[in-house]
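User: I am new to this structure and would like to learn how to read its features. Could you guide me through them, giving the general idea before each case?

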Amino acid sequence: MNGRTCERINGKPVHTFTRSPVYPKDMYLKSRLYIAGIIIILLLIAGYFFPPLFGAGKIAVALLIVACIVDYILLWHRKKAGDAERYCAPRFSNGDENDVRIVVENRYPFPVKVEAIDEIPVVFQRRNVLFRTKIVGGGQEVIHYQLRPVQRGEYGFGHVILYFSTVIGLIGRRFNTAKPENVKVYPSYIMLNRYELMAIHNNLTEMGIKKIRRIGHNTEFEYIKEYIKGDDYRSINWKASARRHFPMVNIYQDEKSQQIYNVIDKGRIMQNAFRGMTFLDYAINASLVLSYVAIKKEDKAGLATFETDFETFIPADKQSGQMQKILESLYHQETTFGESDYSSLYVHINKYINKRSLLIIYTNFDTIVGMERQIEYLRKLSRQHVVLVVFFEDSELKEYAAQKPLSIEEYYNQVVAEKFISDKQLVVGKLRQYGIYSLLTEPENLSVNVINKYLEMKARGTI
């Protein structure tokens, strides 16, 4: 190791470093060596009772020493004989499987056995990052694995540690390779890219997006044309038909530039987790994808977040840089685990949003009592805007309630679980009673269900 000493020159402290003696600190002993040593010791002990075995033991000691020397020479005759590089995206996608590749290079002229350990960020708490492989002389091997982050932020990778050993396998040599690097975990842009590719190939149904038939005419008048077979007879313009003495129909186009706001509750009720990821992060991922879909539908997408106070606000827009603004804002969202203030939300929504808009509020009402504390503010918002309240269904609780109870305690627990489940349905009914739209969904299906609900409301002329 390096040691640091402190000296004084002209009265000022000067730090100097002294280097320890050079030794093969990157050498380690393999289990095969220990096994061979134990066998030799047993031979030597048995030699006290059977003298021929003692001679065999001494020969075995000599052979073991020679084998270790040969193994050492093979591994250390090159200064830098092993290397590795880690390849991964500079940004990880939250809640998704992110690819990591390690390219290991063997610069020895003979084949080696390799154990590679990637020093992944501690937040993953994974122990299965030891990879074993064989590499021919002068060859390379690619190690591939995936990491699934469940919270946004900056993660630090360390080195890739390689352990090389020969076919003799008595000792090994360690290499510290690949420079430490940091990656930032953003909201689920992998899901966003997947939706974009599916949209290009018109295969959104594979993602669970339903084709919804348009109901009524939630459209803007565009022009009049002559009727042809297949046109909707309900669109016939009778006055124009009388003037032209031929059936004429009105042609409409979808209403565009409607404002869609994702409103995210960041309070403590959104800190419940499913598969290691909080409801808040599920809502953030869904907001990102829905904003993309809305802009592709020629609508304007915006963002608002609130907790104890009204915090983030991005005005609805559909310009090219809008998605980047939303992505960066969602990346930096944090919570103080405070109580959500819906009165502040109501005041600031009225202050910043003048045009009638679709407000998609991501929250989580566990009980009917919790919803009734906020219903007055939701009713006031619904008088000026279209309000869709999105909250979460506990699929694990449903699975537990569906199990057959085996004891009195389990009966009691299942009754409590069923009460929580029924409270969720009561919340849906209560919101409907006040003309507020709602969506009760499992966290893993949130993005797909929110998009389907948006398309359904758009087709029905709700927005």
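This is a predicted model: local features need pLDDT of at least 70, side-chain atom pairs count only at pLDDT 80 or more; totals for chains, interfaces and linings use all residues.

User: Where does F337 lie, and what is its phi angle?

Analyst: F337 is placed in the loop between α6 (322-331) and α7 (342-352). Its phi is positive, about 60 degrees, although F337 is not a glycine. H245 is another such case: this residue is not a glycine, and it has a positive phi of about 55 degrees. H245 belongs to the loop between α4 (238-244) and β15 (248-254), and it counts as exposed at 74% relative accessibility.

User: How many helices and strands does the chain have, and what share of its residues is buried?

Analyst: The secondary structure comes to 12 helices and 23 strands. The chain has 463 residues, and 44% of them count as buried. Its accessible surface is about 25900 Å², with 55% of that belonging to carbon and sulfur atoms.

User: What share of the contacts joins residues at least 24 apart?

Analyst: Contact here means heavy atoms within 4.5 Å. Among contacts between residues at least 6 apart in sequence, 71% join residues at least 24 apart.

User: Which residues form the nonpolar patch on the surface?

Analyst: The patch consists of I38, I41, L42, I45, Y48, F49, F50, L53 and F54, which together have about 990 Å² of accessible area. Two helices, α1 (31-47) and α2 (51-76), each supply at least two of its residues. The most comes from α1, with 4 residues. F49 lies in the loop between α1 and α2, and this residue is exposed, with a relative accessible area of 64%.

User: How many aromatic pairs are found, and how does one read the arrangement of a pair?

Analyst: A search of the whole structure finds 19 aromatic pairs. The angle between the ring planes decides the label: under 30 degrees is stacked, over 60 is edge-to-face, and the rest are tilted. The planes of Y108 and F110 are at 20 degrees, with the ring centres 5.0 Å apart, so this pair is stacked. Y108 and F110 are both buried. The pair of F365 and F391 is tilted, with 55 degrees between the planes and 6.3 Å from centre to centre. F365 is in the loop between β21 (357-362) and α8 (368-372), while F391 is in strand β22 (residues 386-392), so the pair ties together parts that are 26 residues apart in sequence. F365 and F391 are both buried.

User: Which residues do ring pairs link into a cluster?

Analyst: The cluster is made of Y108, F110, F164 and F175.

User: What lies over the face of Y186?

Analyst: R91 lies over the face of Y186, at 4.7 Å from the ring centre. R91 also lies over the face of Y189, where the distance to the ring centre is 5.5 Å.

User: Is S438 buried or exposed, and what is it in contact with?

Analyst: S438, in strand β23 (residues 437-441), is buried, with a relative accessible area of 15%. Leaving aside neighbours within four places in sequence, its contacts are L388, V389, F391, V428, L431 and K453.

User: Where is R148 found, and which residues does it touch?

Analyst: R148 is found in the loop between β9 (140-147) and β10 (153-157). Beyond residues up to four places away in sequence, R148 touches G95, D96, E97, F124, R275 and Y282. R148 and G95 are 53 residues apart in sequence, and their C-alpha atoms are 5.9 Å apart in space.

Methods:
Residues are numbered from 1 along each chain as its sequence is written. Side-chain values use heavy atoms; hydrogens and water are left out. Buried means under 20% relative accessible area, exposed over 50%, partly exposed in between (1.4 Å probe, protein chains only). Accessible areas come from the Shrake-Rupley method with a 1.4 Å probe; for residues, only the protein chains shown count as cover. Patches are made of residues with over 30% relative accessible area and no salt bridge: like charges are joined within 9 Å, nonpolar side chains (Val, Leu, Ile, Met, Phe, Trp, Tyr) within 5 Å. A salt bridge is a side-chain nitrogen of Lys or Arg within 4 Å of a carboxyl oxygen of Asp or Glu. Rings of Phe, Tyr and Trp (its six-membered ring) pair if their centres lie within 6.5 Å; planes under 30 degrees apart count as stacked, over 60 as edge-to-face and the rest as tilted. A charge sits over a ring if NZ of Lys or CZ of Arg is within 6 Å of the ring centre and within 35 degrees of the ring normal.
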